[in-house]
Amino acid sequence: MNQASLECRHISLSYGATPVLRDIDLKIEPGEFFALLGPSGSGKSTLLRLIAGFNQHQSGELLVDGQDISAVPPHLRNIGMVFQNYALWPHMTVGENVAFGLEERRLPRATVREKVGRALDLVGLAEYAGRRPGQLSGGQQQRVALARTLAIEPRVLLLDEPLSNLDAKLRHHMRRELVAMQKQLSITTIFVTHDQEEAMTTADRIAVMHQGVIQQVGAPTALYDDPVNRFVAEFVGTINLVPGEASAGTVASSLGTVGLPAGSGSRTGRVEIAFRPHSVALSAAPGNASRHWVAATVSEREFLGEFVRYRVRAGDVELIADQPHALGDPGFAPGARVHVGVDPGQLRLIPA
Ligand code: ADP
């Protein structure tokens, strides 16, 4: 199977005077499922389109298997892209849609037929070859778009928000199918999404983008557990951030003084202490001594089924504490006096 590596070296792109991609440096391994994650306007689609050849960077290099393809036109790159709106031809059948790219390449008719059959099999739509896109559900149309792109056997597969047009239930289903298919084909795949859950559940690694700059690249757990800055910490999940002051071996904040978290090195000066809501314990009285306990008052309670999200005020900080819900547990009401227990092992320091 096609397994290409892809590398962006110091790529920058501006529209007029507006920089949209700034010094993008990325290496995507052969067979990797890689997500570009960021809010709307962060430059994800611009980067994807640049890889496909529809946008041209002003500086830097774009390498596939070590060769700079910056000057190669899109149709000669052998990179397949599935567009957000699928871009299927409504007047053509499913089979004709999938055959389109192959016929453009002037392949013999029997080869086209065989490749179309194989691509439709792969996405589970072999019986639908004679239908028109308008007679298919959103999820099926998406699979046709995928089959059309896979039929040309690209070296790299690009997916631009491929699931965003589907309703929530179908989206969850399709995302698991997509992962299974990608693993089966082990084709190098780059996936654009603004949805952190989608990126975390599908990708081997993620690049978080903000304002045209890659903030951090890593496996989902690495981004979640060790965000390098406030943007990543807040974009990848929900987090508590408490301003603090680090000095030799400890960090002081309005929650008190605790030992420096592992991996903080010899950091000193102003920092943000970061910890996830589910790592915070809530109790009527201070509990287990392995935690650092602080008196607090419940300000809000949100019942989310699997857990209860509390907002509590501890001195001058507002914290979020997610507590598991048990059958019949009344929990704490707003106004309740409680104690929050912070687990020192679950703290991270990020730059203030
Ligand atoms: P994302 O995919 O992360 O939502 P885009 O890559 O679409 O972001 O856009 C990044 C920025 O580039 C946005 O500020 C957008 O307005 C700008 N932009 C995108 N395309 C063009 C264009 N053709 N001309 C000028 N500005 C553009």
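Residues are called buried under 20% relative accessible area, exposed over 50% and partly exposed in between, with a 1.4 Å probe and protein chains only. The structure is a predicted model, in which local features need pLDDT of at least 70 and side-chain atom pairs count only at pLDDT 80 or more, while totals for chains, interfaces and linings use all residues. Residues are numbered from 1 along each chain as its sequence is written, and side-chain values use heavy atoms, with hydrogens and water left out.

Helices (H or I, at least four residues) and strands (E, at least two) are DSSP runs, numbered from the N terminus. Helix H1, residues 44–52, is mostly covered, with 7 of its 9 residues buried. These are Lys44, Thr46, Leu47, Leu48, Leu50, Ile51 and Ala52. Gly53 follows H1 and has a positive phi, near 105°.

Two strands are taken as paired if DSSP finds at least two bridges between them. An open sheet of 4 strands runs in the order S2-S1-S4-S5 with antiparallel pairing. Strand S2 (18–28) and strand S5 (67–68) are the edge strands, each pairing on one side only. Strands S1 (residues 6–15) and S4 (residues 59–64) are antiparallel and joined by 5 bridges; Ser12 stands opposite Ser59 in S4.

A salt bridge is a side-chain nitrogen of Lys or Arg within 4 Å of a carboxyl oxygen of Asp or Glu, and by this rule the count is 16. The side chains of Arg9 and Glu61 form one of these, at 3.8 Å from N to O. Arg9 lies in strand S1 and Glu61 in strand S4, so the pair ties together parts that are 52 residues apart in sequence. Arg9 also meets Glu7 in a salt bridge, at 3.1 Å. Glu7 is buried, at 17% relative accessible area, whereas Arg9 is partly exposed, at 34%. Arg143 and Glu177 form a further salt bridge, with the closest N and O atoms 3.8 Å apart. This pair links helix H4 and helix H5 (residues 168–185) across 34 residues. A network of salt bridges links Glu114, Lys115, Arg118 and Glu153.

A pocket is an open set of points on a 1 Å grid over the protein atoms alone, with protein on both sides within 12 Å along at least five of seven lines; lining residues have an atom within 4 Å of a point. The largest pocket has a volume of about 620 Å³, where volume is the space filled by probe spheres set on the points. Of its 19 lining residues, Phe100, Gly101, Glu104, Arg105 and Ile152 are the closest to its centre.

Methods:
1 Å grid on protein atoms, 1.4 Å probe; cavity = no way out; pocket = protein on both sides within 12 Å on 5 of 7 lines; lining within 4 Å.
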